Amino acid sequence: MPSRTKQPVNRQHPILLFSRNFIKHPKMLGSVIPSSRFLIEQVLKPVDWERARVFVEYGPGVGTITRHVLKRMHRDARIVVLETNKDFVEYLRAAVPDPRLEVVHGSAADVSQVLADRGLGQADYAISGIPFSTMPAEVRESIVQSTRDALRPGGAFLVYQFSSKVRADLERVFDSMQASFEPLNVPPAHVFVSRVGPASGNGAARRA
């Protein structure tokens, strides 16, 4: 019988991988453990799963929210995740082999170019848990503006944070913004839903 070629797979447990990277890069992650199911439900509540076809996510880490999006989104939808941490990029590419997912080693500030390079145009939803509060103001403002530019009319930026520092930027750049708070997470988190133009249904863009 011919021998099988073993594929390199990062088999490290996602919680251990997440915790190890928190110790190495605490300002990049903000929490020592992934998001709770309560926070995930709060973040994804505005999504119109039937209409949405293009998602982007910033800083997916070990894919806690990414997996929930993949379970719920349409079979024809795509999700592009942008991650600057190589450990997480390698882990996600090996551990989540869904053809609707593309893991990009890159910055959220380049989201429009990343989508354009893949022929995806604008996104229906952008999801982000990257810690805006630890970024220089100009970087935070650039990412918020780049995200607005990358969203379709009626699209939404779904942000969860352990600080409310990004709120002023979201209110300034987006046409509308709603805030809530999820206490059942470690640590408790702020959730912001920022929209481009008038919302359609639960926020996904209407198509002709």
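Helices (H or I, at least four residues) and strands (E, at least two) are DSSP runs here, numbered from the N terminus. By that scheme, P187 lies in the loop between strand 6 (176-182) and strand 7 (189-195). The peptide bond from V186 to P187 is cis, with omega near -10 degrees.

The model is predicted: local features need pLDDT of at least 70 and side-chain atom pairs count only at pLDDT 80 or more, while totals for chains, interfaces and linings use all residues. Residues are numbered from 1 along each chain as its sequence is written, and side-chain values use heavy atoms, with hydrogens and water left out.

**Helix packing**

Two packed helices are described by the angle between their axes and the distance between the axes. Axes are lines fitted to C-alpha atoms, for helices over the stretch in contact, and angles run from 0 to 180 degrees between N-to-C directions. The axes of helix 3 and helix 4 come within 11 Å and cross at roughly 55 degrees. That angle makes helix 3 oblique to helix 4; under 35 degrees counts as roughly parallel, over 145 as roughly antiparallel, 65 to 115 as roughly perpendicular and the rest as oblique. The crossing is right-handed, a term for the near helix being turned clockwise from the far one by less than a right angle.

| Helix | Residues | Residues in the contact |
|---|---|---|
| helix 3 | 37-44 | I40, E41, L44 |
| helix 4 | 64-72 | T64, I65, H68, V69, R72 |

Contact means heavy atoms within 4.5 Å. By class, the contact of helix 3 with helix 4 has four nonpolar, two polar and two charged residues. Ala, Val, Leu, Ile, Met, Phe, Trp, Tyr, Cys and Pro count as nonpolar, Asp, Glu, Lys and Arg as charged, and the others, Gly among them, as polar.

**Aromatic pairs**

Rings of Phe, Tyr and Trp (its six-membered ring) pair if their centres lie within 6.5 Å; planes under 30 degrees apart count as stacked, over 60 as edge-to-face and the rest as tilted. The count comes to five aromatic pairs. F55 and Y125 are stacked, at 5.7 Å centre to centre with 20 degrees between the planes. F55 is in strand 1 (residues 54-58) and Y125 in strand 4, so this pair ties together parts 70 residues apart in sequence. Both residues are buried (under 20% relative accessible area; exposed is over 50%, partly exposed in between, with a 1.4 Å probe and protein chains only). Ring pairs also link Y58, F132, F157 and F174 into a cluster.

**G129**

G129 is found in the loop between strand 4 (123-128) and helix 7 (137-150). G129 is buried, with a relative accessible area of 18%. Not counting residues up to four places away in sequence, G129 touches Y58, Y160 and Q161.
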